[in-house]
Amino acid sequence: MSQDDVLKPHSVTHLSLTPGTPGQVRLVYWAFLLGLLVPGLNVIAAALAWRARNTGDHLTRSHAANQISIFWRSMVYVLIGLVLTYFLFGVLLIMASIIWYMLRNVRGLQALAANRPAENPQSWLF
């Protein structure tokens with residue numbers, strides 16, 4: 001058995017609804033990303049993350065905290081952008097918040113694939 005075979009289970013892309021599992025964390029990140037195209041899916045994903053926030057090990061809890069903060073912070077950014085559309089630069093803020101949202105989710109997926117906790121889950125930036 002090679003070292004690649006030993007590392008292979010960490011890179012498996014299982015999705016699961018079981019709270020506190022890496023598969024559930026992965027499912028929420030993907031649902032967040034698909035939520036950009038499917039209305040309401042990110043709200044359902046946030047509810048799944050909220051349900052799993054106190055279950056599992058440190059790794060899954062840190063990712064659940066990251067997912068919850070991504071959801072709420074993106075809502076704040078978009079609402080501020082909507083208010084500022086009156087001044088015409090709100091659209092730019094909304095576009096920037098979508099990019100921020102996508103990057104935070106991709107970084108979370110990368111950290112999960114590397115079996116690392118989420119980096120800076122409480123950060124308002126990247």
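This is a predicted model: local features need pLDDT of at least 70, side-chain atom pairs count only at pLDDT 80 or more; totals for chains, interfaces and linings use all residues.
Residues are numbered from 1 along each chain as its sequence is written, and side-chain values use heavy atoms, with hydrogens and water left out. Local features need pLDDT of at least 70 and side-chain atom pairs count only at pLDDT 80 or more, while totals for chains, interfaces and linings use all residues.

**Overall fold**

The chain has five helices and zero strands. Along the sequence the pattern reads α-α-α-α-α. Helices (H or I, at least four residues) and strands (E, at least two) are DSSP runs, numbered from the N terminus. Of the 126 residues, 36% count as buried. Buried means under 20% relative accessible area, exposed over 50%, and partly exposed in between (1.4 Å probe, protein chains only). Among contacts with a separation of 6 or more, 58% join residues 24 or more positions apart. Contact means heavy atoms within 4.5 Å.

**The core**

The largest nonpolar core has 20 residues. Such a core is a set of buried Ala, Val, Leu, Ile, Met, Phe, Trp, Tyr and Cys residues joined through side-chain atoms within 4.5 Å. Val 28, Tyr 29, Phe 32, Ala 45, Ile 70, Trp 100 and Tyr 101 have the most contacts inside this core. At least two core residues come from each of H2 (22-34), H3 (41-51), H4 (58-84) and H5 (90-113). H2 gives the largest share, six residues. Ala 45 touches Val 28, Ala 31 and Phe 32, with residues up to four places away in sequence not counted. In soluble globular proteins, nonpolar side chains tend to be buried together.

**Helix packing**

Two helix pairs are set out below. Axes are lines fitted to C-alpha atoms, for helices over the stretch in contact, and angles run from 0 to 180 degrees between N-to-C directions.

| Pair | Angle | Axis separation |
|---|---|---|
| H2 and H4 | about 15° | 10 Å |
| H4 and H5 | about 170° | 8 Å |

H4 is therefore roughly antiparallel to H5. By class, the contact of H4 with H5 has 13 nonpolar, nine polar and two charged residues. Ala, Val, Leu, Ile, Met, Phe, Trp, Tyr, Cys and Pro count as nonpolar, Asp, Glu, Lys and Arg as charged, and the others, Gly among them, as polar.

H2 and H4 are roughly parallel to each other. Angles under 35 degrees count as roughly parallel, over 145 as roughly antiparallel, 65 to 115 as roughly perpendicular and the rest as oblique. The crossing of H2 and H4 is left-handed, a term for a near helix turned anticlockwise from the far one by less than a right angle, with clockwise being right-handed. On the H2 side, the contact is made by Pro 22, Val 25, Val 28, Tyr 29 and Phe 32. H4 brings Thr 60, His 63, Asn 66, Gln 67, Ile 70 and Phe 71. By class, this contact of H2 with H4 has seven nonpolar, four polar and no charged residues.

**Single residues**

Ser 97 sits in helix H5. Ser 97 is buried, with a relative accessible area of 4%. Its contacts include Tyr 77 and Val 78, leaving aside neighbours within four places in sequence.

Leu 88 lies in the loop between H4 and H5. Its phi is near 75°, a positive value in a residue other than glycine. Leu 88 counts as exposed, at 69% relative accessibility.

Asn 115 is in the segment after H5. The phi of Asn 115 is near 65°, again positive in a residue other than glycine. At 43% relative accessibility, Asn 115 counts as partly exposed.
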